[in-house]
Amino acid sequence: MAASVVKSPKCVRKTKELAKSEPTQVNDDNWRWWALLGAVFLITFGTRFYKVTEPDHICWDETHFGKMGSWYINRTFFFDVHPPLGKMLIGLSGYLTGYNGTFPFEKPGDKYNETRYQGMRYFCTTLGALIMPMGFDTVYDLTRSHEAALLSAAYLIFDVGLLTLNQYILLDPILLFFMMGSVWGMVKISKTTAAGGSYTTRWWLWLLLTGTMLSCTISVKFVGLFVVLLVGLHTASELWLILGDLGKPIVETIKQIACRALTLIVWPIILYTLFFYIHLKVLNRSGNGDGFYSSAFQSRLIGNSLYNASMPRDVAYGALVTIKNHKTGGGYLHSHSHLYPKDSGARQQQITTYTHKDDNNIWIIKPYNKQQLPEGELQLLRHGDLLRLEHLVTKRNLHSHSEPAPMTKKHLQVTGYGELGVGDANDVWRVQIVGGRVNDTIHTVTSRLMFVHYLQNCALTSSGKQLPKWGFEQQEVSCNLNIRDKNAQWNVEDNQHKLLPSVNFSIYAPGFFARFLESHAVMLQGNAGLKPKEGEITSQPWQWPINYRGQFFSGSSYRIYLLGNPIIWWSNLLFLLLFVSIFLWNAIVQQRRAGQLAANSAIARSEQLSPAPTEICSCCPEASTTEKASYSTPSASQLHPHPHQGMSLQAAAWLFIGWLLHYLPFWAMGRVLYFHHYFPALIFNSMLTGIMFNYIIRSLPKWLQHVLLGALLSVVAYSFVLFSPLAYGMSGPLANEPNSTMHKLKWMSTWEF
């Protein structure tokens, strides 16, 4: 990959010999390459498109991403924790193949009936199938070995887990396609640069393709950042070697840096921004995701209560209002007629924040010392006023007392209290404008407010913690004694008052870049806050490489179970460990060899020996070892007596870095994790396996190499046949029952198929 090219003196005799044999060998290599690539395409598409439309019901996360594709077709705004490109492509593929966006995608197991879902599955499967040919070509370019490339492709083709993940309406095949495309482009750039093709049309096209793939990867899921880091590290390594090539001027390094910055940094950023522009332009209608975004953001959505809204600019006593938490992704102040359970504070009415709009978000602003103002009297709400907030539906007042909050014990509990709006002194709050002054009027949408409890001197806040089932998994509202809490800021969103004139709020609608930044803040917060649902099976990173447990894609009578091919996964782990051992051993040997060569050079200098005056290349027999003693730094050929093996180890090292970058970060993540998160790392591991197998057998006779390769390919293909029902569908008894056809394949008790 990123390797320097060492030029040696030309040998006339060997050049003539090579001139005769090279065209024949090149033609033979090309023929073999095309034949093997054709076989990879044929087997890949045969295995991927077999039974691709079965089962004809929703499987696993198709319920989410199919629904989101429908929303793009209908232009309905929604919230998701992932960037938009993958879902836009799913929606586009459905639209182009006749799907009208009306199927509800309610839950796994629902029949598609006459819905034209097939196009979306074909699209995702096609992208997933293209991973294998790109993997084949990538490994071939890294090693120049047909055997390594074929075995790597076979490990990708015959993994039933990767097959399962590729056949459904999911983001994963799209993500893996763009990730593999980024690595493929990275290797092509390195190959073209090493061949002296810098600044050619071919070189620029590979740079632009790689930049496009990088942008698309991170535009599907934020974990695409890992492949961006890999390409960044590899590019930095190449530039460092170019800088160290004294045969080239420093200007060459500057030109290389500028070209790569333009195509691998600036171009992907432009594309990434463009994808979000299209996303926000297409989804222009109000949907169930509005509440995750600020009031100003919502004012750009057709059908939202704030779109071209006319409502009072000022807030007055007697107004019916909704109050939204001002933090990113904050919900509406909400209540319902359910009480806090025992051992969760006083058994009074629950107060929460809720990200969806309904009537339980509406509150009445009342004076602190009377039920209402006289008929026809108007009094504006100002900074520092005392007030009470009465819940419109249940007629209970917003209330706090010295009981601890149910989740955040350092905070005080907030409840709904009283009957028909009549409570006690613990219902009184002081409203303050953040940065406001006495007598400043409170405005709809734009004023950032704090509600400070009059007696307890604590600030109404959204702690960000999710309540259990008894709180309908809504967000906890509490009263923080630290009134500088940044989550204790709110704004009035909807405002209704019959005595106040209305104004149009379109002037407060944010522009594209403001919405672009807010979208990212909401996505990142949502991603970090993902928690497992009750009864949901999750997994831990340590379980993934050993194939500890899979997950059901379809749990009905037609069962699909996501699980890796154990032969592939466990041998992957073995070759990963072998690589680490061999790489470390090779590093030690090279260091010792370099030390020995340096010592020999020192001895030669001390004896005042000089090198032979005639320049003779290393392939000529006349040059003896003694005559070739060198006083310079050991050359690459001296440190790597077997260049193909050095090339293979270097290639494997970059794939190992790719595996680490796509696996280790999950150990530090606090969000919920699933088995399918390991599959990007699996692709790097499978390519590394092909390289390491070829590295180990390279020194054997050619016939024995082919026997061993054929044996391993046969085992892998046979294991695929055995475990393929996991991907293509199982029926009948579960594997833990003796009469099941899969009973003998349940090799681990944690496998649930």
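Mentor: A residue is called buried when its relative accessible area is under 20%. Please keep in mind that this is a predicted model.

Trainee: Which residues touch the most other members of the largest nonpolar core?

Mentor: They are Phe679, Ile683, Met692, Leu726 and Phe753, in a core of 143 residues. Helix 17 supplies the largest share of this core, 12 residues. As a general point, nonpolar side chains tend to be buried together in soluble globular proteins.

Trainee: And what is Met692 in contact with?

Mentor: Apart from its neighbours within four places in sequence, Met692 contacts Phe575, Phe579, Ile582, Leu649 and Ala652. There is also a second, separate core of 29 residues, with Leu333, Leu381, Leu398 and Leu449 among its members.

Trainee: Changing topic: in what sense do strand 15 and strand 16 pair?

Mentor: They pair in the antiparallel sense, over four bridges. A hairpin through three residues joins strand 15 to strand 16, and Gln551 has Leu562 of strand 16 as its bridge partner.

Trainee: Which way do the residues of strand 16 point?

Mentor: Arg559 and Tyr561 point one way, Ile560 and Leu562 the other way, and all are buried. In general, side chains in a regular strand alternate between the two faces of the sheet.

Trainee: What kind of aromatic pair do Phe552 and Tyr561 form?

Mentor: The pair is edge-to-face, with 4.9 Å centre to centre and 70° between the planes. A search of the whole structure finds 55 aromatic pairs.

Trainee: Is Tyr561 buried or exposed?

Mentor: Tyr561 is buried, with a relative accessible area of 0%.

Trainee: Which side chains are joined to that of Glu493 by a polar contact?

Mentor: The side chain of Gln298 is joined to that of Glu493 by a polar contact of 3.4 Å, and the side chain of Lys357 by one of 3.1 Å. Leaving out residues up to four places away in sequence, Glu493 also touches others, including Ser295, Lys324, Tyr332 and Thr444.

Notes: Residues are numbered from 1 along each chain as its sequence is written. This is a predicted model: local features need pLDDT of at least 70, side-chain atom pairs count only at pLDDT 80 or more; totals for chains, interfaces and linings use all residues. Side-chain values use heavy atoms; hydrogens and water are left out. A nonpolar core is a set of buried Ala, Val, Leu, Ile, Met, Phe, Trp, Tyr and Cys residues joined through side-chain atoms within 4.5 Å. Buried means under 20% relative accessible area, exposed over 50%, partly exposed in between (1.4 Å probe, protein chains only). Helices (H or I, at least four residues) and strands (E, at least two) are DSSP runs, numbered from the N terminus. Contact means heavy atoms within 4.5 Å. Two strands pair if DSSP finds at least two bridges between them. A polar contact is a pair of N or O atoms within 3.5 Å; within protein, one must be able to donate a hydrogen and the other to accept it, and residues adjacent in sequence count only if both atoms are side-chain atoms. Rings of Phe, Tyr and Trp (its six-membered ring) pair if their centres lie within 6.5 Å; planes under 30 degrees apart count as stacked, over 60 as edge-to-face and the rest as tilted.
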